[in-house]
Amino acid sequence: MNIVTEREAGSDAANPVGAPIPSTNVTTSSTEPAADQPSALLRAARQQPGDRVPVWFMRQAGRSLPEYFPVRGEGTILDAIQVPERATEITLQPVRRYGVDAAILFSDIVTPVWAVGFGIDITPGVGPECERPFRTVDDLSRLRPLDPDRDLGFQAETIRNLTAELSVPLIGFAGAPFTLAAYMVEGRPSKNHAKVKGLMAEQPELWHELCDRLADIAIATLRAQVEAGAAAVQLFDSWAGALHPDHYRRFVAPHSAKIMAALADLGVPRFHFGINTSELLDQFADVGADVVGVDWRTPLATARRRTGGRVALQGNLDPSLCLASWPVVEAEVRRILADNQGHPGHIFNLGHGVLPETDPDILAEVVKLVHAEGVANRPVDRSAAETPGPEPSVPGGEAGRR
Ligand code: CP3
């Protein structure tokens, strides 16, 4: 299934994997892959057998780490992101501390929308907020196309700094149209997403135009990140699980599929993630992801059946349980590894981001345990996979029909 292109193989060699590790920056761990091996992360993303299960954590950087605060400085996170030295250091902190198998760029899903001047900010302790939410066709004028060189030059510089330092792949990312629109239409984080669902159902033309522009912004963002050195990309559709599967198919999947298709030629693995997506996992695979994130509500074996074995899976430790004592966390980690049944296409992660209250020592133990116990070399028995539903929901056609 996964396309392994020369570009991807090339990036293994040039970038990340076995480059010398600057002793002042990144801890050398006995689990480092040999220089000529593809990294554990990229290998698992392609469902290829290897000697261990790779692990990283969504939101591994930031408020759970004491070393984050002195570097972050005053102002909002959007201020910190714009200073490449700060964003570089904050990205490296969890890699150094935990010995995880990937770094994730320190940025936010709203950065590109903010950079084109839509009028969005991140309020500490609250999340993304817009003074003038997106409600009518006139609001489209605030959403011009992204010019990555001009608008996100600081991000490319951060990525170049990082790829020079890192011994593991760097994951770039962007927000998917639904999740970004959820903030832009609601104006702030929302529990029930009533306004964004209302706009979608009542003004479908405006909805599709908004998503089309957000898809173009995500494509420009992700392509620029890969060109600067990111070795994988993750498209966050964190809140898509709020939708009925038919609404997801009609209103969201075509736009996410357009993004995934526009990245295909880059040859880097495309990760796709949302929470509460148990009923959407097949469609998350169908939009063109190589790796699908699974939250803690769905056992990995169920997720693998639902995705028909055609994608690697990422997950799925409950971040809330990471606040419990080690024996509880240890049992969960072992259960998840057992649930994966040695399948090579498993990237261990949390089912959502690290909670700020998390004790970093617990996450360090999780990494050690996954590296010690994870087995990633069971041959894939594809006959065990459920056949995907009778009507594959590969969008595109849908986009054309709207
Ligand atoms: O370590 C990493 O994972 C990389 C950094 C990262 C951030 N945001 C930094 C950040 C990533 C990958 C994101 C993605 C993101 N941002 C998502 C998708 C992932 C998810 O959690 O579902 C979403 C939905 C957002 C929107 C957003 N930004 C929220 C909900 C918040 C939290 C608000 C708060 O203060 O509680 C933010 C702010 C934010 N983004 C912080 C960080 C480290 C905290 C702000 C700070 O330190 O001031």
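## Strand 9

Strand 9 (residues 346–350) is mostly covered, with five of its five residues buried. Here buried means that 20 or more other C-beta atoms lie within 10 Å of a residue's own; exposed means 12 or fewer, and partly exposed is in between, with C-beta atoms placed from the backbone. Helices (H or I, at least four residues) and strands (E, at least two) are DSSP runs, numbered from the N terminus. The model is predicted: local features need pLDDT of at least 70, side-chain atom pairs count only at pLDDT 80 or more, and totals for chains, interfaces and linings use all residues. Residue numbers start from 1 along each chain as its sequence is written.

In a regular strand the side chains alternate between the two faces of the sheet. From strand 9, His346, Phe348 and Leu350 point one way. Ile347 and Asn349 point the other way, and all are buried.

## Strand 8 and the link to strand 9

Strand 9 pairs with strand 8 (residues 312–317) in the parallel sense, over five bridges. Two strands count as paired if DSSP finds at least two bridges between them. Asn316 has Asn349 of strand 9 as its bridge partner. Asn316 itself sits in strand 8. The peptide bond between Gly315 and Asn316 is cis, with omega about -5°.

Strand 8, helix 15 (residues 326–340) and strand 9 form a right-handed β-α-β unit. Right-handed means that, with the strands pointing away from the viewer, the path from the first strand over the helix to the second runs clockwise. His343 is in the loop between helix 15 and strand 9. This histidine, His343, is buried, because 25 other C-beta atoms lie within 10 Å. Its C-alpha atom is separated by 7.7 Å from that of Val375, 32 residues apart along the chain.

Which order do the strands of the open sheet follow? Seven strands line up as 1-4-5-6-7-8-9, and the pairing is parallel. Strand 1 (103–104) and strand 9 stand at the edges with a single partner strand each, so one side of each has no neighbour in the sheet.

Strand 6 (residues 270–273) is covered on both faces. Arg270 and His272 are buried on one side, Phe271 and Phe273 on the other. Strand 5 (residues 232–236) runs parallel to strand 6, joined to it by four bridges. Val233 has Arg270 of strand 6 as its bridge partner. Strand 7 (residues 291–293) is also parallel to strand 6, with two bridges between them. His272 stands opposite Val292 in strand 7.

Strand 6 also takes part in crossovers. Strand 5, helix 12 (residues 245–263) and strand 6 make a right-handed β-α-β unit. From strand 6 the chain crosses through helix 13 (residues 281–286) to strand 7, and this β-α-β crossover is right-handed.

## Nonpolar core

In soluble globular proteins, nonpolar side chains tend to be buried together. The largest nonpolar core here has 118 residues. Such a core is a set of buried Ala, Val, Leu, Ile, Met, Phe, Trp, Tyr and Cys residues joined through C-beta atoms within 7 Å. Ala103, Ile171, Ala181, Ala230, Ala232 and Val233 have the most contacts inside the core. Helix 11 (residues 204–228) gives the largest share of this core, 12 residues.

What does Ile171 touch, leaving aside residues up to four places away in sequence? Ile171 contacts Ala102, Ala103, Ile104, Leu105, Ala230, Ala232, Val233 and Gln234. A contact needs C-beta atoms, placed from the backbone, within 7 Å.

## Positive phi

Gln47 is not a glycine, yet has a positive phi of about 60°. Gln47 lies in the loop between helix 2 (40–45) and helix 3 (68–72). Gln47 is buried, with 21 other C-beta atoms within 10 Å.

Asn276 is not a glycine either, and has a positive phi of about 60°. Asn276 belongs to the loop between strand 6 and helix 13. Asn276 is partly exposed, with 16 other C-beta atoms within 10 Å.

## Whole chain

The chain has 17 helices and nine strands. Of its 402 residues, 52% count as buried. Among contacts between residues at least 6 apart in sequence, 76% join residues at least 24 apart.

How values were computed:
Two residues are in contact if their C-beta atoms, placed from the backbone, lie within 7 Å.
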